[in-house]
Amino acid sequence: MPVFAPKVKLNNSLEMPCLGLGTYQSEHDEGEKAIKYAVDIGYRHFDTAFFYQNEAEVGKALRDKIAEGVVKREDVFVVTKLWNVHHAPELVEPACQKSLDNLGLGYIDLYLMHLPVAYKYIDEKNLLPKNEEGVLQLDDIDYLDTYKAMEKLVKKGLVKSIGVSNFNSEQIERVLKNCEIKPVTNQVECHPMLNQKKLIQFCKERDIFLTAYCPVARPNPSEKKPTFLYGEEMEKLTKKYNKTGPQIALRYLIQLGAIPIPKSITPSRIKENFEVFDFELSAEDMQIMDKFNTGERIVPFLLIKGQNHKYFPFNIEF
Ligand SMILES: NC(=O)c1ccc[n+]([C@@H]2O[C@H](COP(=O)([O-])OP(=O)(O)OC[C@H]3O[C@@H](n4cnc5c(N)ncnc54)[C@H](OP(=O)(O)O)[C@@H]3O)[C@@H](O)[C@H]2O)c1
């Protein structure tokens, strides 16, 4: 019997496993196999997005596992995201419907707005609309209007929960003041270099979970990056706990109260990233991990960063 990730209770009383499988760049056969393997290992939370163009593979892998009798639909928690070109309220339901069709799982457990900044809609194929100079074309649609259209998806039963991604604290506050359905999570970049303690606390006080993307900070062993993973302090921790650096990083995030969604298509790493429920970092070691917080971002959204957009989320502290 596989060990399962403990579940957290969301503000709408539904439950979500406290660790999931990321799937950005998990594509084709390889992606499908990774998801099936993850189900066998015990993963029950899967994170995809319309933008990743792999919803069909994620859905197929899960449907196959359901057909095999390994899991039931209600045992898996599937997250996907509304892409930035689909922020116009009238485009939200058709976009959601497309994701539902791609996944083929009947409903979506959690539908997130991928970013508060809208991109200009050209057509269904153009997900990164650029002008002749290569500048990404943005739109000024208010994310509140988009969010209100997402609330209708819950009411219609297309999705069970809604949430946001890459929102800062002020943007979350604005959603809370103006909307009927609370977001259940804010999915943001979060790893030991950007531990998001303030945003986690802010969300917690409002009964919102923070989902941690890039939780293992995309390790690059040949360049020894991120440096925290390959330094002496981490080496001591790996020896002390008999765990790898990525496992220590994931455990740290879980103890901070975040929900990490590490991505891997490599069976040994998929397994490694899930073996984080049989140890606990001491308070002193949590403090050692805190020291790695440099604020460095792996995903700085360079294509929009310089454009001075009023909803660009990363210009304030958190
Ligand atoms: N909302 C957003 O805007 C947003 C942005 C970025 C990501 N996300 C979500 O968050 C998920 C995770 O983020 P991410 O994929 O960017 O980064 P990540 O999970 O931190 O890192 C993934 C990379 O690290 C490797 N890796 C995974 N586990 C490892 C381990 N134990 N040891 C060594 N290397 C390991 C993977 O390689 P292999 O696959 O080759 O094993 C892959 O190259 C994404 O897949 C996506 O679902 C959301």
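**A ligand shell and a parallel sheet**

The residues of the shell around the ligand divide into twelve nonpolar, nine polar and six charged, where Ala, Val, Leu, Ile, Met, Phe, Trp, Tyr, Cys and Pro count as nonpolar, Asp, Glu, Lys and Arg as charged, and the others, Gly among them, as polar. The model is predicted, and local features need pLDDT of at least 70, while side-chain atom pairs count only at pLDDT 80 or more and totals for chains, interfaces and linings use all residues. Residues are numbered from 1 along each chain as its sequence is written, and side-chain values use heavy atoms, with hydrogens and water left out.

In total, 27 residues surround the ligand, the closest being Asp-47, Lys-263, Ser-264, Thr-266 and Arg-269; a residue is counted here if one of its heavy atoms lies within 4 Å of the molecule. Helix 10, residues 267-274, supplies the largest share of this shell, with three residues; helices (H or I, at least four residues) and strands (E, at least two) are DSSP runs numbered from the N terminus.

An N or O atom in the side chain of Asp-47 is 2.7 Å from an oxygen atom of the ligand, and for Asn-166 an N or O atom of the side chain is 2.9 Å from a ligand oxygen atom. A nitrogen atom of the ligand, in turn, has a polar side-chain atom of Gln-187 at 3.0 Å. Of the 900 Å² of accessible area that the ligand has on its own, the protein covers 89%, with areas taken from the Shrake-Rupley method with a 1.4 Å probe.

Turning to the sheet, eight strands form an open arrangement in the order 3-4-5-6-9-10-11-12, with parallel pairing; two strands pair if DSSP finds at least two bridges between them. Strand 3 (21-22) and strand 12 (258-260) are the edge strands, each pairing on one side only. Strand 11, residues 209-213, and strand 12 pair in the parallel sense over three bridges, and Thr-211 has Ile-259 in strand 12 as its bridge partner.

Two backbone details lie in loops. Lys-225 and Pro-226 are joined by a cis peptide bond with omega of about -5°, and Pro-226 is placed in the loop between strand 11 and helix 7 (227-230). Gln-196, although not a glycine, has a positive phi of about 60°, and Gln-196 belongs to the loop between strand 10 (185-189) and helix 6 (197-205).

Notes. Polar contact = N/O pair within 3.5 Å; in protein donor to acceptor, adjacent residues only side chain to side chain.
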